[in-house]
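This report describes selected places in one protein chain. Please look at the sequence and the structure before reading on.

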Amino acid sequence: MMDAITSVAVFAGFTNQDSALQIPINGAGGGDTFTNNANDAVGVLFDTTMTTKNWWLVGVAGGVGATGQNSAVAPVASTVETWRIELTTVGVASFYRNGVLVGSAMTGAITANVALTPVVAAFSRTGTLRNIDVDVIAIQAQR
């Protein structure tokens, strides 16, 4: 949950970054394009620098960005959302918002054999304080 949806960038998902302190994927500052800061990452992104201010489904595999998908829904300030990301053994991602499939299966979302760690990264696009509330992160893997 975000207390405000102005001047903010939020990414929730997975990344191969485990030491760098930066958002894995964010808006590039114009249009509906992205800056991939991680070599491998997948998640949902809301960034007010995007022309279309909705949740975006994003991924990057081996430094190559997957085609981002506009979810056609925007967050609402102070409203709880539940996101689920399912990853196949070949690096395909499916995204669920509040239990409903959003977008289509994203091929090339991640490199299948790269270790990932969960991440929620956020920053204010201005000097104004932004609060992000994350109550639960649940992770499962098949063996």
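Asn 54 lies in the loop that links strand E4 (41-47) with strand E5 (56-61). The model is a predicted one, and in it Asn 54 has a relative accessible area of 15%. Buried means under 20%, so Asn 54 counts as buried.

The side chain of Asn 54 makes a polar contact with the side chain of Asn 70, at 3.1 Å. Apart from neighbours within four places in sequence, the residues in contact with Asn 54 are Leu 45, Phe 46, Asn 70, Ser 71, Ala 72, Val 73 and Ala 74.

How many of the 8 residues of E1 are buried? The number is 7, so the strand is largely enclosed by the rest of the structure.

E1 is joined to strand E11 (residues 117-124) by 8 bridges, and the two run antiparallel. In this pairing, Val 10 stands opposite Ala 122 of E11. E1 is also joined to E4 by 7 bridges, again in an antiparallel arrangement. Here Ala 12 stands opposite Val 44 of E4.

## Two serines with positive phi

Ser 7 is found in the segment before strand E1 (8-15). Ser 7 is not a glycine, yet its phi is positive, at about 50 degrees. Its relative accessibility is 23%, so Ser 7 counts as partly exposed.

Ser 78 is found in the loop between strand E7 (69-70) and strand E8 (83-87). Ser 78 is not a glycine either, and its phi is positive, at about 60 degrees. With a relative accessible area of 49%, Ser 78 is partly exposed; the term exposed is kept for values over 50%.

Where is Thr 79 placed? Thr 79 sits in the loop between E7 and E8, the loop that also holds Ser 78. Thr 79 has a relative accessibility of 36% and so counts as partly exposed.

Thr 79 and Asp 3 are separated by 76 residues in sequence, while in space the distance between them is 8.2 Å, taken from C-alpha to C-alpha.

How values were computed
Residues numbered from 1 in each chain as written. Predicted model: local features only at pLDDT ≥ 70, side-chain atom pairs only at ≥ 80, totals over all residues. Heavy atoms only, no water. Helix = DSSP H or I, 4+ residues; strand = E, 2+ residues; numbered from the N terminus. Buried < 20%, exposed > 50% of the residue type's maximum accessible area, 1.4 Å probe, protein only. Polar contact = N/O pair within 3.5 Å; in protein donor to acceptor, adjacent residues only side chain to side chain. Contact = heavy atoms within 4.5 Å. Pairing = 2+ DSSP bridges.
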